[in-house]
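Subject: Structure handover

Hello,

Here is the structure I said I would pass on. Please look it over before you set anything up with it.

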Amino acid sequence: MINIIKVSTFSLVVIGGFWGFSNFGIPQIKPALPPIEEKLDLGTLTMDEFIALGNKIFNGKGNCTLCHNTMGRAPMLDRIGTVSIDRLNDPLYKGEANTVEGYLYESLTKPSAFVVSGYGKSGSNDTESPMPDVTGGGIGLNDIELAAVIAYLQDSGGAEVTVSIPEVSRGNSEIPVAEQAPSLKTAEEVIAKYACGTCHTIAGQTGEIGPNLTSIGKTRNKDYLRQSILDPEAIIAEGYKGGMMPVIYGDEMNAKELELLVNYLASLE
Amino acid sequence: MLTQNIRKVGRAFLLAVLVILILPTCPPSASASEVPASHASIPVAGATIGSTPTPDTKKATYPPAPKLTTADYPRITGVNSRVTVWLVAQLHLWFGAFVLAVPMFVFIIEAIGMATRDERYDSMAFEFMKVSIIAYSLTALLGGLLTFVLVLLYPDLFKYLATIFRGSMFAYALLFFAESAILYIYYYGWHWLQGGNKKWVHLTLGLLLNSVGCLLMFLANAWTTFMMSPAAVDAAGVFNGDTWAAIHNFLWNPINVHRVVANIAFGGSIIGAYAAFKFLSAKNNGERAHYDWIGYNANFIAIAALLPLPFAGYYLTAELYAYSQQMGITLMGGVFAWIFIIQAVLIGALFLSANYYLWCGMGRSEGAYRYNAKIKYIAIVLVAAFMVWFTPHTLVLTNAELKSLGGPYHEYLGVLGIMPAKNTAVNFLIIFTFISFMLYRRANKIPTVSWATTGNAIQIALFAVGLINITVLGVYYGYFTNTVYKVASSIPQVLTTLIIIISSTVVEAFMYKGAKEVAPLQWGRMSNRSQYALFLLAVAFTWLMGLMGYVRSSIRQHWHVSNVFRDNSPDAYTPDLGYAATIVSIGTILFMVMVIFIFWLSAINSRRTVVKEYWKHKHDQHH
């Protein structure tokens, strides 16, 4: 009996050690909740709001930033508006589009129509894209979401926005959007939700498109930081060009999230 | 002659396993590997995912995947449906893995016993089966319970899967009966089927037992993998293939391979814990020697299967990426990325405890003093490799942490966080564990071949060149190429490790052929403390299997069946790692309680209580 007690105690201590490390040795990140169906009145949407919806889907339900980020898994899309024209004329282009909008639609639904050099599936010699059709599978964007993403890509990628808000679906339409996020409690969660690290070096992420924010609190006060989030075009940081940062955060962030982020940035010294 | 026959049976067994594994990659239906991976995960309206549907005019029609609402999931007050199914399925899997793995190495041990005519092997093989036979009934009970809770708590999911797999469910039931019948004849006929042809019949029964056991596991795996990578279904979840198409889905073979290897390692570790328990409870030196010997062999089996396990893991993950890059990135780059830090701790614990046990085992040999001084260097390398593997890359930091760190990455340790550094570390871990094992094997032997010095030099050169190659590959790909090529070092590194292990084993085998023994091994000359290393191995394996089961299942996210059958239950969200660790810990405790109960049962089975004046003696009855 003494041996049963000994080995049981030993096993419990080992299990307790693993449990303790998993609970207290690593940060507890809450995975996003499943996307929910939510009603959206397309009839009252402006184009800016439609683009903002595209941005939300791009960073949320679409899972686009899983690969289209600075990690190099897939091409960056910040200049997609201008490079699309070159790709349409590329001899390796296998699609049927002849406009930027058409090219983007094709890239989202038939990604292998053009594979950017070095980004093909291994062994395919860049003839096959590893990207899934975003209208199917786990992503499953519908026509409205697809149009919103294209509008966002055109807007953020330096092209004229030619997409129109789908007429057929105007009025009350069921559209699943982004994640039903729980109430955020920390600045890190806000940074993760809005994918700030995609462009900025912040909170362990190393985006290089925007200014490095690891010690931004040294030189900028809270008012400046708040303004930069709500109206990024008001003052452009030295060495960076305008029009890069989305102008949607004023609409998307709630007051609590904004203040969490501003206070966090101001404390980075 | 006998040895030749054993080889034949061994080859036949390997062939049977190979055929089972290779068959799925052959026609008739288009192999999943022929389907462009990116397309395999794309249900386009009216189109089919994965395998090409087999043309069949008489084909049964299948309903689409149900679109459930929260109200469609039966709720029982006080019962958490997900946790219940999770725990029961996990316990079933642990016991299933154990009872399927034990006959595999029992078959080999029995064959070795027949070849060497050393009865110790035969009695050890029987003792393994004795432990496994009690676990077998628990596996069946838990399997029944799993079916029950699935039907009770997730009736629509069960109905959907059972409809698709109806063709194989009947075969599954029949195979289960066959497995039981063969197992009972194999076990209860052990001492009856001894000597001459009878022994051959018995060994053949072992082969049959393993073949049926593997088939059972592969059929069960088909359900699991279909839920991850459904084949022959359209966007609405309508199945339009045959049973084989459903079974032979994209991830079926990678999981089969991974589970077979992992089961052997796991089974070995549980037997090791049994031997440790018996060693600690031994009443005399004879028993200590016996269970020390069993513990050594069980540890050998566990480690032999543990070494190739990372490669099977690579294969599974690569196939997962090939099937769906999105799923792969969710696994490796999303919230689950942290799980690999926990995994590093667990595997580090496994390697360190296995090495510790080997070093303690050198105490059995009089010749081990020659290698004692080297052990500390191996220990240093193992700990260093473990620390590199454990170093995280990107962390979400608080402001205070960021300040004290001076940036998002540590000035010196940050470079160790990337994958090539970890690949290098894990290859070092494997190679140095192998060196520990080699030293253990050499401890009691002195080579007699004339070229022993040259052979040693060849081996040293082999290890030196291999380790340099692994380091250079890791450094070059890790720090001098761009992100896309950073993991390109993994395959050549793994190949280098395999080449080192295989070549040095060949050299070792020839060099120590006919070697002199320093002195007879002193089995049983082991500290009690060393036995806890065997227990640590078993607990860590069990916990690790539970954890990886959680992540395998969670990468489906909010889908019962990936992309076609959505989970709309209140538990559709993915739980965080801390919560998962709690459930896995509860499961491991339940499993260990059952396992220790089994050990206790086997202990009381051999006890005899002599009572006087309780039973009537014959002459009393006559009176």
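Chain A, overall. The chain has nine helices and four strands, arranged along the sequence as α-β-α-α-α-α-β-α-β-β-α-α-α. Of its 269 residues, 36% are buried. If one takes the contacts between residues at least 6 apart in sequence, 61% of them join residues at least 24 apart.

Confidence in chain A. The mean pLDDT is 79, and 84% of the residues score at least 70. Among the elements of the chain, helix H4 (residues 100-109) has the highest mean, 91, while strand E2 (residues 172-176) has the lowest, 46. Residues 168-174 of chain A have pLDDT below 50, and the model gives this stretch 13 contacts beyond near neighbours in sequence. Residues 176-181 of chain A are also under 50, with 24 contacts beyond four places in sequence. Where pLDDT is low, predicted coordinates should not be read in detail.

Helix H5 of chain A. Of the 14 residues in H5(A), 13 are buried. After the helix comes Gly158(A), with a positive phi near 85°.

Helix pair in chain B. How are H17(B) and H18(B) oriented to each other? Helix H17 (residues 452-479) and helix H18 (residues 490-511) of chain B pack at about 175°, with axes 9 Å apart; they are therefore roughly antiparallel. The contact includes Ile458(B), Leu462(B), Phe463(B) and Gly466(B) from H17(B), and Thr496(B), Ile499(B), Ile500(B) and Ser503(B) from H18(B). By type, the residues of this contact are eleven nonpolar, nine polar and no charged.

Positive phi in chain B.

- Gln557(B) is not a glycine, yet has a positive phi of about 55°. Gln557(B) sits in the loop between helix H19 (528-554) and strand E3 (559-561) of chain B. With 22 other C-beta atoms within 10 Å, Gln557(B) is buried, the cut-off being 20 or more.
- Asn563(B) has a positive phi near 70° and lies in the loop between E3 and strand E4 (565-566) of chain B. Asn563(B) also counts as buried, having 27 C-beta neighbours inside 10 Å.

Regards

How values were computed. Residues numbered from 1 in each chain as written. Chains lettered and ligands numbered in written order. Predicted model: local features only at pLDDT ≥ 70, side-chain atom pairs only at ≥ 80, totals over all residues. Helix = DSSP H or I, 4+ residues; strand = E, 2+ residues; numbered from the N terminus. Buried ≥ 20, exposed ≤ 12 C-beta atoms within 10 Å, placed from the backbone. Contact = placed C-beta atoms within 7 Å. Axes fitted to C-alpha atoms, helices over the stretch in contact; angles between N-to-C directions. Parallel < 35°, antiparallel > 145°, perpendicular 65-115°, else oblique. Nonpolar A, V, L, I, M, F, W, Y, C, P; charged D, E, K, R; others polar. pLDDT = per-residue confidence, 0-100.
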